[in-house]
Amino acid sequence: MYTVTIRDHMMIAHSLQSKAFGPAQKLHGATYVVDAEFKSAELDENNIVIDIDIATKKLQKALEPLKYQNLDEIEVFRGKLTTTEFLAKYVHEVISQEIKSTFKGSLKITLGESHVAWASYEGEIA
């Protein structure tokens, strides 16, 4: 399996409205390091998994509407628990829609909350 990984970051604010999250039920900020790992069993005709410039731009495009935003105020997230795992899947879905006609393989999105905790979502591009 071949992989290409692109990294970006985003700062957001949100609250997690469930007793499971203790003090994180209140509005708080988070800075995520976001890795997008594109995987393919075979290289394309140019011997690449995906063009790094294209991958970089797709990740930037997926994150741009979220950066410096209070996720509680964004319609698509209203009433949702915007956990790290949830956001990883959301970013996966946005990028998948952008590249599904040109990329065949899988994509793993990892959001790092800190140097000791992160969450991922991985799936085929369909």
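The dialogue below walks through a predicted model of one protein.

Biologist: What makes up the fold, in helices and strands?

Modeller: The predicted model has 2 helices and 5 strands. Along the sequence they follow the pattern β-β-α-β-α-β-β.

Biologist: Why is the protein called as compact as a globular protein of its length?

Modeller: Its radius of gyration is 15 Å. The globule rule gives 14 Å for 126 residues. The two values are close, so the protein is as compact as a globular protein of that length.

Biologist: What does the C-alpha trace span along its principal axes?

Modeller: About 50 × 30 × 20 Å.

Biologist: How many of the residues count as buried, and what supplies the exposed area?

Modeller: Of the 126 residues, 40% count as buried. The protein exposes about 7500 Å². Carbon and sulfur atoms supply 51% of that area.

Biologist: How do you know which strands lie at the edges of the sheet?

Modeller: Start with the order. The open sheet of 5 strands reads β3-β1-β2-β4-β5, with mixed pairing. β3 and β5 (118–124) each have a single partner strand, so one side of each is left without a neighbour in the sheet.

Biologist: What holds paired strands together in general?

Modeller: Strands of a sheet pair through backbone hydrogen bonds, either parallel or antiparallel.

Biologist: Why is isoleucine 6 called buried?

Modeller: Its relative accessibility is 7%. Buried means under 20%, so isoleucine 6 counts as buried.

Biologist: Where is isoleucine 6, and which residues does it touch beyond four places away in sequence?

Modeller: Isoleucine 6 is in strand β1. It touches Val34, Asp35, Ala36, Phe38, Ile52, Ala55, Thr56 and Leu59. The C-alpha atoms of isoleucine 6 and lysine 61 are separated by 13 Å, and these residues are 55 apart along the chain.

Biologist: How much of the protein's contacts, at a separation of 6 or more, comes from residues 24 or more positions apart?

Modeller: Such residues account for 65% of those contacts.

Biologist: Threonine 83 lies in a loop. Is threonine 83 buried or exposed, and how do you know?

Modeller: Threonine 83 has a relative accessible area of 15%. That is under 20%, so threonine 83 is buried. Its loop runs between β3 (69–70) and α2 (84–99). Leaving out residues up to four places away in sequence, threonine 83 touches Leu16 and Phe21.

Biologist: Why is asparagine 47 called exposed?

Modeller: Its relative accessible area is 58%. Exposed means over 50%, so asparagine 47 qualifies. Asparagine 47 is found in the loop between β2 and α1 (52–63).

Biologist: How do you know that tyrosine 68 is exposed?

Modeller: Tyrosine 68 has 62% relative accessibility. The cut-off is over 50%, so tyrosine 68 counts as exposed. Tyrosine 68 lies in the loop between α1 and β3.

Biologist: What makes the phi of asparagine 47 and of tyrosine 68 worth a mention?

Modeller: Most residues other than glycine have a negative phi. Asparagine 47 is not a glycine, yet has a positive phi of about 60 degrees. Tyrosine 68 is not a glycine either, and has a positive phi of about 60 degrees.

How values were computed. Residues are numbered from 1 along each chain as its sequence is written. This is a predicted model: local features need pLDDT of at least 70, side-chain atom pairs count only at pLDDT 80 or more; totals for chains, interfaces and linings use all residues. Side-chain values use heavy atoms; hydrogens and water are left out. The radius of gyration is taken over C-alpha atoms; the globule rule is 2.2 Å times the number of residues to the power 0.38. Buried means under 20% relative accessible area, exposed over 50%, partly exposed in between (1.4 Å probe, protein chains only). Contact means heavy atoms within 4.5 Å. Accessible areas come from the Shrake-Rupley method with a 1.4 Å probe; for residues, only the protein chains shown count as cover. Two strands pair if DSSP finds at least two bridges between them.
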